[in-house]
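Please read the following report on one protein model with the sequence and the structure open beside it.

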Amino acid sequence: MISLPGGAPCWLFTCRHTYEDVLVAQLLDLPEVTGATRLSDGLVAALVGEGAEGAPVDALLRALDPTYALQVLPNVREVEAAGVNTLGKLVSDVLADPVDGVSAPWDLHVLVPAQLKGNPRPPMARRAMLLEQAIAARLGKIRKRAWRQREEGCGKPARLAQVLLLDHERAAVSCVAPVATEVGGTWPVGLPAGHAEIPRDDGAPASSFRKLEEALLCLRRWPQQGERAVDVGACPGGWTRVLRRNGANVDAVDRQPLVQHLMRDRRVHFHKADAFTWEPEGPVDWWVSDVIAFPERILGMVERVANEVRPRFAVIQMKFRREPDHDAVAQALATLRAAGYGARARHFFNDKNEMTLMAVRDPDAAA
Ligand SMILES: C[S@@+](CC[C@H](N)C(=O)[O-])C[C@H]1O[C@@H](n2cnc3c(N)ncnc32)[C@H](O)[C@@H]1O
């Protein structure tokens, strides 16, 4: 059973399970947060303090954006009812005002706690489905016009209503207008619980391809046919395969060759070289890096990429020795911003002891 802390307005954050303590520490570092605690696997609550009361929610969303959070449910309200139809009615009553008059696509995510661990068949999934039906029936009646604008899976929702079942009879409800991030997506993100649904790829040479897929979903921008991508630290080829699948021509740089089918691909140019010194000739659309190296070396790469290579988009993994190196992440973001990039760092569901740095040279180019 999950109990929300009382007192100040409560915000919920999801994260990759086992990283709850890191997220709590990040939240406690923020001046707007007076308390933070782990509620369950992948779920953390923060109390937003008195100093922050009255601040517009979009300003708070920009401030409360820790890199270890996958999703945010701002200002949750708790509702309770024994029957699912009554619960649906109470949730709809909370949502009625925030969605009133919305004239662009918006979305509703009904979530259950075990989903946060990536469980595809979590307990209470059926309850959540029934609750969503009850909300659809009620909200579809009392906010007919707004309900017609609900678009399941819309990437950049004008409003995001989120309902997290805490148990069979209680739900936490949140609804805000998400803010645009510097790199293209929104905060909160348009993905349920912040989890990307990545299709299986049985032919992928490594499961690490999922990390790049999550970054592309966060950017809401994918390589286009004929664009030029540089993939450093490319072996065995998981990321190169994603870039190729989207139609990019790839310069793959590694000390070791890629799997055979990628080595034979005429649109993959393999360079047996050092990722930190190899220089591309001509303009680059995408620079992606999954090189295993100390943060100091990755900072050097970020500096060179931002100021010399100047790709339109970059996705660069920063791997940590033991503890996350928050200072190195902040320094990388500062370097990218100083070079005129929109930048964001995120610890994605598929990230291990590492952080994904994303950069967009012309933020308006992000779809
Ligand atoms: C985590 S793996 C990359 C996996 C790849 N993204 C995929 O999806 O298949 C890291 C790679 O970085 C390469 N690497 C490490 N240091 C390097 C360097 N200085 N120059 C080039 N490649 C390097 C390693 O050889 C290794 O293949």
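Arg310 lies in the loop between α9 (295-309) and β15 (313-319), where helices (H or I, at least four residues) and strands (E, at least two) are DSSP runs numbered from the N terminus. The structure is a predicted model, in which local features need pLDDT of at least 70 and side-chain atom pairs count only at pLDDT 80 or more, while totals for chains, interfaces and linings use all residues. Residues are numbered from 1 along each chain as its sequence is written.

**Backbone angles and peptide bonds**

Most residues other than glycine have a negative phi, and most peptide bonds are trans. Arg310, although not a glycine, has a positive phi of about 50°. With 16 C-beta neighbours inside 10 Å, Arg310 counts as partly exposed; a residue is called buried if 20 or more other C-beta atoms lie within 10 Å of its own, exposed if 12 or fewer, and partly exposed in between, with the C-beta atoms placed from the backbone. Met124, which is not a glycine either, has a positive phi of about 75°. Met124 sits in the loop between β6 and α4, and it is partly exposed, with 18 other C-beta atoms within 10 Å.

| Peptide bond | Form | Omega |
|---|---|---|
| Trp187 to Pro188 | cis | near 0° |
| Cys235 to Pro236 | cis | near 5° |

Pro188 belongs to the loop between β10 (186-187) and α6 (209-219), whereas Pro236 is placed in the loop between β11 (228-232) and α7.

**Val72 and its surroundings**

Val72 is found in strand β4 (residues 71-73), and it is buried, because 24 other C-beta atoms lie within 10 Å. Leaving out residues up to four places away in sequence, Val72 touches Trp11, Phe13, Leu64, Trp187 and Pro188, where contact means that two C-beta atoms, placed from the backbone, lie within 7 Å. Trp187 and Pro188 are also the two residues joined by the cis peptide bond with omega near 0°. Val72 and Trp11 are 61 residues apart in sequence, yet their C-alpha atoms are 7.1 Å apart in space.

**Helix α4**

Helix α4 (residues 125-142) has 18 residues and reaches 26 Å from its first C-alpha to its last, close to the 26 Å expected at 1.5 Å a residue; this expected span is 1.5 Å times one less than the number of residues. The buried residues in α4 are Ala128, Leu131, Ala134, Ile135, Arg138 and Leu139. Seen down the axis of α4, these buried residues fall within an arc of 125°, so they line one face of the helix; the arc is that of the directions from the helix axis to the C-beta atoms. Arg126 and Lys141, on the other side of α4, are exposed. The cover over the buried residues of α4 includes α3 (84-99), β6 (107-111), α5 (144-148) and β7 (160-165).

Leu139 gives one example from this helix, since it is buried, with 23 other C-beta atoms within 10 Å. Not counting residues up to four places away in sequence, Leu139 touches Ser92, Leu95, Ala96 and Trp147. Leu139 and Lys89 are 50 residues apart in sequence and 8.0 Å apart in space, C-alpha to C-alpha.

Gly247, whose phi is positive, near 100°, follows α7.

Both α7 (238-245) and β12 (249-254) supply at least two residues each to the shell around the ligand. Of the 22 residues around the ligand, Gly233, Cys235, Gly238, Ala275 and Asp290 come nearest; a residue is near a molecule or strand if its C-beta atom, placed from the backbone, lies within 6 Å of it. This shell divides into 13 nonpolar, 5 polar and 4 charged residues, where Ala, Val, Leu, Ile, Met, Phe, Trp, Tyr, Cys and Pro count as nonpolar, Asp, Glu, Lys and Arg as charged, and the others, Gly among them, as polar.

**The two domains**

The protein is divided into domain 1 (10-194) and domain 2 (209-365), with bounds that come from an automatic or database domain assignment. The centres of the two domains, taken over C-alpha atoms, are separated by 31 Å. Contacts join 15 residues of domain 1 to 19 residues of domain 2. On the side of domain 1 that touches domain 2, the residues divide into 6 nonpolar, 6 polar and 3 charged.
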